[in-house]
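Student: I would like to work through the backbone of a protein model with you, strand by strand and helix by helix. Could we begin once the sequence and structure are in view?

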Amino acid sequence: MHMIDIDSRTRFQRARLARDARFDGLFFIAVRTTGIYCRPICPAPTAKEANVDYFEHSAAAAASGYRPCLRCRPELAPGRAPCDGNTLAFELAWQRVRDGALNEMSVAQLADEIGLSERQLRRQFVQHVGAAPLAVHTTQRLLLAKQLLTETRLPVTDIAFASGYRSLRRFNQAFVEGCGMPPSRLRVATAENPGETIRLKLVYRPPYDFAGILDFLATRAIDGLEQVDAVSYRRVLGPADAPAWVNISQASAPNTLLLQIEAQHLPLLPDVIRRVRRLFDLDAQPDAIARVFATDPLLASAVQAAPGIRVPGAFDGFETAVRAVLGQQVSVAGARTLCTRLVHAWGASVSTAEAANTRLFPTATVLADADVKSIGMPTARANSIRTLARAARDGEIDLERMQPLAAFVDLLCTLPGIGPWTAHYIAMRCLHHPDAYPAGDLVVRKQLGVGEAISTADAERRAETWRPWRSYAVMHLWRLSAIPSKKKT
């Protein structure tokens, strides 16, 4: 069993007794007398401490023989954001497993990709998670299936395949082993989800500035591709021959967003969930970030003023990288205009059940040879977009998978027209790297210099104490720049 140290156990005990939502997903409570594991916010009567085991991951609880609670539903717990620290190899592997890599490759292939032996990878997972990689993958699939069984009326066979099982028999067997009951027991006659729309809950740790992230996305929304208002974000999904809309809004349950997607996209659901969680930064750890920023007076006051700030991620890495290049040396509004032209010139025109004449973002293959200069941009920037598209098309760069920050930035900077600022911005949003830091950003340097821009080198030095959360510092500094001077603290 993965051992929890005394200090952590004391902290976890306090959190579970308080049912503190800030710890949701950061540990799980297993009760020996019932054989069940729960989230810290579980409404069930509090178990005696002598009967409790603590686990930092649901997979570790499952590997120790515990079953997920039907009341608090561990499948809804938010995940953990990656950190670029001393355990980088494990963090990269952990993220890949969470993204479903083991659906397509073996543990040995994943280890080779990360640069470890299979034995080293297994040892690191057991050390940091308390379970082997395949056990983590299995738990993740079962929890997704449990959520679909609970919240939708989809056929069990469809849920089995959507959760990554290639056989209904194997799914039924795994579900009984992992949850202690057959899948049919979780079918709820009053499930929320009639008709052809799937509605799923996505939980986050409070505080969460949903209005702020919607505002960020609204100022960059592309007509025909996205719709953003004060309460929701919508965008069209491919493929072109079967398009549909996905919608994200605040749910009625606390600390929860609601994801809606047409049922025809069920096979894509695990990937859509991953992309939405990344776009809305639902796995962030506000308390951990605030503790690091507490030593910096400027950021401490910024966190106090806006404690729920998140780093907007990317629904599609290539799309957001192209937007970043389009936005070089122009305003946000100017970049939005250019991107709208690009989407309407080369994005596939599609119609959905709810809207006609919508657009998909053009693919890397299409933009690799497109005359993007014709939409009104400088020759050099047009060449940068084509080169970026060719690199993405040919697999020379990966704009989706978590990877070491320094190596990623160095690689992007070999492409013409992409410098450190753009590379770090792309790492912030596409990889959702928590420690990416465009130190040369003028707004950041002005905020740190209280109106007088400091040097990039000084901005780098100032940010050393913010690791591994420098991306969040950037978001706070950008937010501060939008506040009138007389209101700043």
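Student: Which residue in β2 stands opposite Val-31?

Tutor: This is a predicted model, in which local features need pLDDT of at least 70 and side-chain atom pairs count only at pLDDT 80 or more, while totals for chains, interfaces and linings use all residues. Residues are numbered from 1 along each chain as its sequence is written, and side-chain values use heavy atoms, with hydrogens and water left out. Strands (E, at least two residues) and helices (H or I, at least four) are DSSP runs numbered from the N terminus, and two strands pair if DSSP finds at least two bridges between them. β1 and β2 pair in the antiparallel sense over three bridges, and in β2 the residue opposite Val-31 is Ile-36.

Student: In what order do the strands of the open sheet of four strands lie?

Tutor: β1 pairs with β3 in the antiparallel sense over four bridges, whereas β2 and β4 pair in the parallel sense over two bridges. The edge strands, each pairing on one side only, are β3 (52-55) and β4 (67-68). With mixed pairing, the order is β3-β1-β2-β4.

Student: Are the residues on the two faces of strand β1 buried or exposed?

Tutor: In a regular strand the side chains alternate between the two faces of the sheet. In β1 (residues 28-31), Phe-28 and Ala-30 lie on one side, with Ile-29 and Val-31 on the other. Buried means under 20% relative accessible area, exposed over 50%, and partly exposed in between, with a 1.4 Å probe and protein chains only. Both faces of β1 are covered, and these four residues are all buried.

Student: Which strands stand at the edges of the open sheet of five strands?

Tutor: The order is β5-β9-β8-β7-β6, with antiparallel pairing, and the twist averages 15 degrees from one strand to the next. The edge strands each have a single partner strand, so one side of each is left without a neighbour in the sheet. Those edge strands are β5 (197-203) and β6 (226-228).

Student: How are α17 and α18 oriented to each other?

Tutor: Helix α17 (residues 405-412) and helix α18 (residues 420-429) pack with their axes 9 Å apart, at an angle of about 130 degrees. Axes are lines fitted to C-alpha atoms, for helices over the stretch in contact, and angles run from 0 to 180 degrees between N-to-C directions. Angles under 35 degrees count as roughly parallel, over 145 as roughly antiparallel, 65 to 115 as roughly perpendicular and the rest as oblique. The two helices α17 and α18 are therefore oblique.

Student: Which residues of α18 does α17 meet?

Tutor: Contact means heavy atoms within 4.5 Å. From α17, the residues Leu-405, Phe-408, Val-409 and Leu-412 take part, and their partners in α18 are Ala-423, His-424, Ile-426 and Ala-427.

Student: Is Asp-281 buried or exposed?

Tutor: Most residues other than glycine have a negative phi, and most peptide bonds are trans. Asp-281, although not a glycine, has a positive phi of about 50 degrees, and Asp-281 lies in the loop between α10 (269-279) and α11 (286-293). Because its relative accessibility is 2%, Asp-281 counts as buried.

Student: What is the omega of the cis peptide bond that joins Gly-238 and Pro-239?

Tutor: Pro-239 lies in the loop between β7 and β8 (244-250). The peptide bond joining Gly-238 and Pro-239 is cis, and its omega is about 5 degrees.
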